[in-house]
Amino acid sequence: AYGTINITGGHIKVSAKTRNDIFGVNANDDGNLTINGDVTIEAHNDTGTSNVFGVYKYKYNTYAKQGSIIVDSTNGQAIAIHNYSSVVEIEDGMSLSADSDANNAYGILGGGSWFPGTTNMSGGSITATTNASDKLGIGISNENVTVTGGTGYIVSHTVIELINKGYDPIIFDNLYNSKLEVLDRIKKITG
């Protein structure tokens with residue numbers, strides 16, 4: 001069935017000891033997914049080798065406006081949002097956290113030639129950590145990253161961090177509450 005999923009409150013917690021993938025929210029082909037309100041989505045795996053997903057989204061869009069997604073895995077990959085062929089929008093009240101002790105960790109995983117997707121970020125926070133020296137802790141793994149409000153005080157700091165981590169963000173801003181000179185400062189700081 002196609003439709004819209006709106007999560008506006010509550011706590012979704014999934015914890016397992018398994019070799020199968022673990023999903024906090026698995027929203028395949030269901031239309032748009034909106035997370036907005038006092039929402040916490042947690043997915044944990046502390047023994048198996050499975051991948052752990054906070055949100056797995058294939059097709060259509062994910063709007064992460066307010067709340068938190070927390071994922072951790074002992075041996076498998078930890079992925080807060082997996083974005084296949086869709087748009088992910090992260091707004092100011094959203095927090096993503098992915099932690100893996102022995103594998104890759106992604107705040108947002110998507111994009112690339114096989115699974116094109118777009119991430120639009122106008123605020124919020126993304127943390128991805130791994131304890132494995134040969135693995136990746138990546139906040140956003142996506143070829144297309146756009147940042148709205150990129151010359152504002154808070155989001156310009158996010159732009160600097162994206163550039164420092166090797167991304168080439170595309171900045172959109174109507175300059176209502178900021179100045180064009182911020183772009184020069186970003187270039188000066190990031191080289």
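Predicted model: local features only at pLDDT ≥ 70, side-chain atom pairs only at ≥ 80, totals over all residues.
Phenylalanine 53 is buried, with a relative accessible area of 4%. A pair of aromatic rings is described by the distance of the centres and the angle of the planes. In total, three aromatic pairs were counted.

One of these pairs joins phenylalanine 53 to phenylalanine 23; the ring centres are 5.0 Å apart and the planes form an angle of 10°, a stacked arrangement. Phenylalanine 23 belongs to strand 2 (residues 22–28) and phenylalanine 53 to strand 4 (residues 52–58), so the contact ties together parts that are 30 residues apart in sequence. Phenylalanine 23 is partly exposed, at a relative accessible area of 26%, whereas phenylalanine 53 is buried.

Phenylalanine 23 also pairs with tyrosine 56. The centres of these two rings are 5.6 Å apart and the planes lie at 80°; the pair is therefore edge-to-face, because planes over 60 degrees apart are classed in this way. With phenylalanine 23 in strand 2 and tyrosine 56 in strand 4, this pair ties together parts that are 33 residues apart in sequence. Tyrosine 56 has a relative accessibility of 15% and therefore counts as buried, the cut-off being under 20%.

Taken together, Phe23, Phe53 and Tyr56 form one aromatic cluster.

Key
Residues numbered from 1 in each chain as written. Heavy atoms only, no water. Phe/Tyr/Trp six-rings, centres within 6.5 Å; stacked < 30°, edge-to-face > 60°. Helix = DSSP H or I, 4+ residues; strand = E, 2+ residues; numbered from the N terminus. Buried < 20%, exposed > 50% of the residue type's maximum accessible area, 1.4 Å probe, protein only.
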